[in-house]
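Here is a short briefing on one protein chain.

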Amino acid sequence: MGYPRDLLNAANCVIFDFDGPVCDLFAEYTASDVVKDLHTWLEKDLEVAVPPGKFADDPLGYLGLVEQSHPGDPCVEGLEKRLTEQEERAAESARPTDCAAELICELVAVRVRLGIATNNSAAAAVAYLRRMRLDGSFGTHVHGRGQDIAKLKPDPDSLSRVLDSTGSKPEESVMIGGLEQRSESR
């Protein structure tokens, strides 16, 4: 298969991004549905005003916008928790990426260490993997966003956590990632 196959054959650890390489997290319960829920929760339940933004279909961008407009406000932590809940809901109907499960099983069969480094919540990734019966392939090596929004990829935080938890070195690892859209608010 050429170059990508050679990289995988040489790797002792393969790190997957989650939304994209493993599944389409927002295939049914869409990203815009999530943002609508977050926005309604903030404005109606918490009475926190959020300026209209360009993040109607970008939950992470929306979270970053709220953090930027309300730095240090407890609503940001509450919003991140609510986003985690919404991502877990989306994981219930997430659509598998073509051939991802087969690749994961093939890598497990040849004893490659696997991990996930995602800007989504680890809870959503674990819920999806459990639903697809792939959770045993990754074990405890699923690392998602933390409370510090500044540490979303391309910051190496989640990648470093995967490398640490798998006992892997960067030079023996390969990442299969999606296209990241960094919001201007982050």
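Predicted model: local features only at pLDDT ≥ 70, side-chain atom pairs only at ≥ 80, totals over all residues.

**Size and surface**
- Along the principal axes, the C-alpha atoms fill a box of roughly 55 × 30 × 25 Å.
- The accessible surface of the chain is about 9,700 Å². Carbon and sulfur atoms hold 51% of that surface.
- Of the 186 residues, 45% are buried.

**Fold layout**
- The chain contains eight helices and six strands.
- Their order along the sequence is α-β-β-α-α-α-β-α-β-α-α-β-α-β.
- Take the contacts in the chain with a separation of 6 or more: 76% of them join residues 24 or more positions apart.

**Helix pair H3 and H4**
- Helix H3 spans residues 59–69, and helix H4 spans residues 74–91.
- Their axes come within 9 Å and cross at roughly 170°.
- Angles over 145 degrees count as roughly antiparallel, so H3 and H4 are roughly antiparallel to each other.
- On the H3 side, the contact uses Pro59, Leu60, Tyr62, Leu63, Val66 and Glu67.
- On the H4 side, Cys75, Val76, Leu79, Glu80 and Leu83 meet them.
- The residues of this contact between H3 and H4 divide into nine nonpolar and two charged, with no polar ones.

Technical notes: Residues numbered from 1 in each chain as written. Heavy atoms only, no water. Axes fitted to C-alpha atoms, helices over the stretch in contact; angles between N-to-C directions. Helix = DSSP H or I, 4+ residues; strand = E, 2+ residues; numbered from the N terminus. Parallel < 35°, antiparallel > 145°, perpendicular 65-115°, else oblique. Contact = heavy atoms within 4.5 Å. Nonpolar A, V, L, I, M, F, W, Y, C, P; charged D, E, K, R; others polar. Buried < 20%, exposed > 50% of the residue type's maximum accessible area, 1.4 Å probe, protein only. Areas by Shrake-Rupley, 256 points an atom, 1.4 Å probe, with all protein chains shown as cover.
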